[in-house]
Amino acid sequence: MNETFLEARRLLVGLLSGQVGREEVADWALDRIKDEEKNYSANTALWNLLDRLSGVDLKRSPESYLHGIEDFEAWLADAEASVTRGASFLSAPDVSND
């Protein structure tokens, strides 16, 4: 299974449990989005997950975040559904050095 996907899923679970901070997750995802050499955008399901995670620290107002627990749960369900569907990125060679 793709290591980048596994790490993204781990970070998402960490957000849900409160063990990982929003900024850490967003920074991690943005680093991958910016890394054009790895071509993460070629895998739609992985790219969508990275895109979602890159925005976990966006604020609606100074006191509230745009995305919350319900969103994280839905994103995790989508990611796990990708596993069930056998999304191509899960069996693709991992090009990351994570």
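Author: Two rings of Phe, Tyr or Trp (for Trp, the six-membered ring) count as a pair if their centres lie within 6.5 Å; planes under 30 degrees apart are called stacked, over 60 edge-to-face, and the rest tilted. By this rule the protein has one aromatic pair. The rings are those of Phe-72 and Trp-75, with centres 5.5 Å apart and planes at 55 degrees, so the pair is tilted.

The model is predicted: local features need a pLDDT of at least 70 and side-chain atom pairs a pLDDT of 80 or more, while totals for chains, interfaces and linings use all residues. Residues are numbered from 1 along each chain as its sequence is written, and side-chain values use heavy atoms, without hydrogens or water.

Phe-72 and Trp-75 both belong to helix α4, where a spacing of three residues separates them by about one helical turn. An α-helix has 3.6 residues a turn, so residues three or four places apart point the same way. Phe-72 and Trp-75 are both buried (under 20% relative accessible area with a 1.4 Å probe and protein chains only; over 50% is exposed, and in between is partly exposed).

Helices here are DSSP runs of H or I with at least four residues, strands are runs of E with at least two, and both are numbered from the N terminus. The protein has five helices and two strands, in the order α-α-α-β-β-α-α along the sequence. Of its 98 residues, 36% are buried.

A nonpolar core is a set of buried Ala, Val, Leu, Ile, Met, Phe, Trp, Tyr and Cys residues joined through side-chain atoms within 4.5 Å. The largest one has 20 residues, and those touching the most other members are Leu-12, Leu-15, Val-25, Trp-28, Leu-49, Leu-53 and Val-56. Helices α1 (3-17), α2, α3 (44-54) and α4 (69-85) each supply at least two residues of this core. The most come from α1, which gives five.

Leu-49 can be followed through its contacts (heavy atoms within 4.5 Å). Beyond its neighbours within four places in sequence, Leu-49 contacts Phe-5, Ala-8, Leu-12 and Ala-79. In α3, the buried residues are Leu-46, Leu-49, Leu-50, Leu-53 and Ser-54. They span an arc of only 135 degrees around the axis, which puts them on the same side of α3; the arc is taken from the directions from the helix axis to the C-beta atoms.

Leu-46, in helix α3, has a relative accessible area of 0% and is therefore buried. Across the protein, 67% of contacts between residues at least 6 apart in sequence join residues at least 24 apart.

Asn-39 sits in the loop between α2 and α3. With a relative accessible area of 43%, Asn-39 is partly exposed. Its phi is near 55 degrees, a positive value in a residue other than glycine.

Last comes confidence: pLDDT is the predictor's confidence in each residue, from 0 to 100. The protein averages 86, and 86% of the residues score at least 70.
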